[in-house]
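Hi,

Here is the structure we talked about handing over. Please open it and keep it beside this note while you read.

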Amino acid sequence: MAAAAGGERGEPRTEEFVYGEEDFVLQGAGWEAEPDAAPASRFDRALLDGWSDRMERGSFRYRLGPLPTRVLPGSLRLVAQLNAQRGTERRPPQRVRSLRQPFDPAAFNFTRLRPDELLLRLRRAGAGAGCEAPEPLLVAINASPLERGHVLLLPEPARGLPQALTAPLLRGGLEAALLSAHPGFRLGFNGLGGCASVNHLHLHAFYLAQPLLVESAPAWPLCRRGRLSFLTGVPAPAFLFYAAGPAGLEALARDVCRAAEHLTDAGLAYNVFVTRGDPPEGAAGGGGG
């Protein structure tokens, strides 16, 4: 890893994080042991070290300490956290008037991030035979964090892309998920009308040291290839797209984006959640991501 160009003396630098398939953690740490005690990957160390450095420098809107966390009683075992500062000190969400709302350069967008808000530039060194490397992604802090390590993954901000999911962004996010050894590293996409607060293309990523229902919920297969299932026993209807390893990520990203486009055509807002999970195996099996 090499440091990229920075600014004045003492200003933190955006580090170039070059990775290859050898960096993928195919078997992440499970929940049997204390998650935060599991060995960290090179990616985890780079992200969390940079995130902690920016917290110490005061780059966030508030200082995030340990959050009161509780698993609610009941079969869903929902995880609840109290983060009052997120509710009171975050930037007000932008108004969404259309699921296909164009990018507005006059509104807040990620071209306005300060240099100290940028942590890493993820770049794949090689993608293997038959597929192209995903486009590089910037990793920036979320200045109003939900949890430890809460960051944004951004394609080149100067392109001014609206918050409509693309296969290159999602594939880059899926690869980032495989770079982490922590079982609680997850990624998410909030679509327009689905709690997106900034209409500029981005993914969220964060660490949450709790297992979630979606990672083991029953799933009914909807196609023979096994990549698409329907999750049951969860609070809201959800499709499950699953890949068993790195070779399936490009096709998986395309499938998810096709589904997102169909939902948008039907006037339905959507969200996408990326996590490790069990392979879908019908009613007796589990979810994945």
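This is a predicted model. The side chains of R159 and E135 pair up, with N and O 2.8 Å apart. R159 belongs to the loop between strand 7 (151-154) and helix 3, and E135 to the loop between strand 5 and strand 6 (137-141), so their bridge ties together parts that lie 24 residues apart in sequence. R159 is partly exposed, at 46% relative accessibility. E135 is partly exposed as well, with a relative accessible area of 24%.

Now look at D53. Which residue forms a salt bridge with D53 at 2.9 Å? It is R54, that distance being between the closest N and O atoms. R54 is buried, at 4% relative accessible area. D53 is partly exposed, at 26%.

R57 also meets D53 in a salt bridge, at 2.8 Å from N to O. R57 and D53 are 4 residues apart in helix 1 (residues 42-57), so about one helical turn separates them. The general rule fits here. An α-helix has 3.6 residues a turn, so residues three or four places apart point the same way. R57 counts as partly exposed, with 44% relative accessibility.

Next, the cavities. The structure holds 2 cavities of 30 Å³ or more.

What lines it? The residues are Y19, L122, R123, R124, P134, E135, P136, L137 and G172. Two of these names have come up already. By class, the lining of the second largest cavity has 5 nonpolar, 1 polar and 3 charged residues.

Last, helix 4. This helix spans residues 249-265 and has 17 residues. From its first C-alpha to its last, helix 4 reaches 24 Å, close to the 24 Å expected at 1.5 Å a residue. Which residues of helix 4 are buried? They are L249, A251, L252, A253, D255, V256, C257, A260 and T264. The elements that cover these buried residues include helix 3 (167-179), strand 12 (238-241) and strand 13 (271-274). Just after helix 4, G267 takes a positive phi of about 80 degrees.

- Go on to the second largest cavity, where E135 is part of the lining.
- Turn to helix 1, where R57 and D53 sit 4 residues apart.
- Finish at helix 4 and the positive phi of G267 just after it.

Best wishes

Conventions. Residues are numbered from 1 along each chain as its sequence is written. This is a predicted model: local features need pLDDT of at least 70, side-chain atom pairs count only at pLDDT 80 or more; totals for chains, interfaces and linings use all residues. Side-chain values use heavy atoms; hydrogens and water are left out. On a 1 Å grid over the protein atoms alone, a cavity is a set of points where a 1.4 Å probe fits but cannot get out, and a pocket is an open set with protein on both sides within 12 Å along at least five of seven lines; lining residues have an atom within 4 Å of a point. Grid points are joined across faces, edges and corners, and a volume is the space filled by probe spheres set on the points. Ala, Val, Leu, Ile, Met, Phe, Trp, Tyr, Cys and Pro count as nonpolar, Asp, Glu, Lys and Arg as charged, and the others, Gly among them, as polar. Helices (H or I, at least four residues) and strands (E, at least two) are DSSP runs, numbered from the N terminus. The expected span of a helix is 1.5 Å times one less than its number of residues. Buried means under 20% relative accessible area, exposed over 50%, partly exposed in between (1.4 Å probe, protein chains only). Contact means heavy atoms within 4.5 Å. A salt bridge is a side-chain nitrogen of Lys or Arg within 4 Å of a carboxyl oxygen of Asp or Glu.
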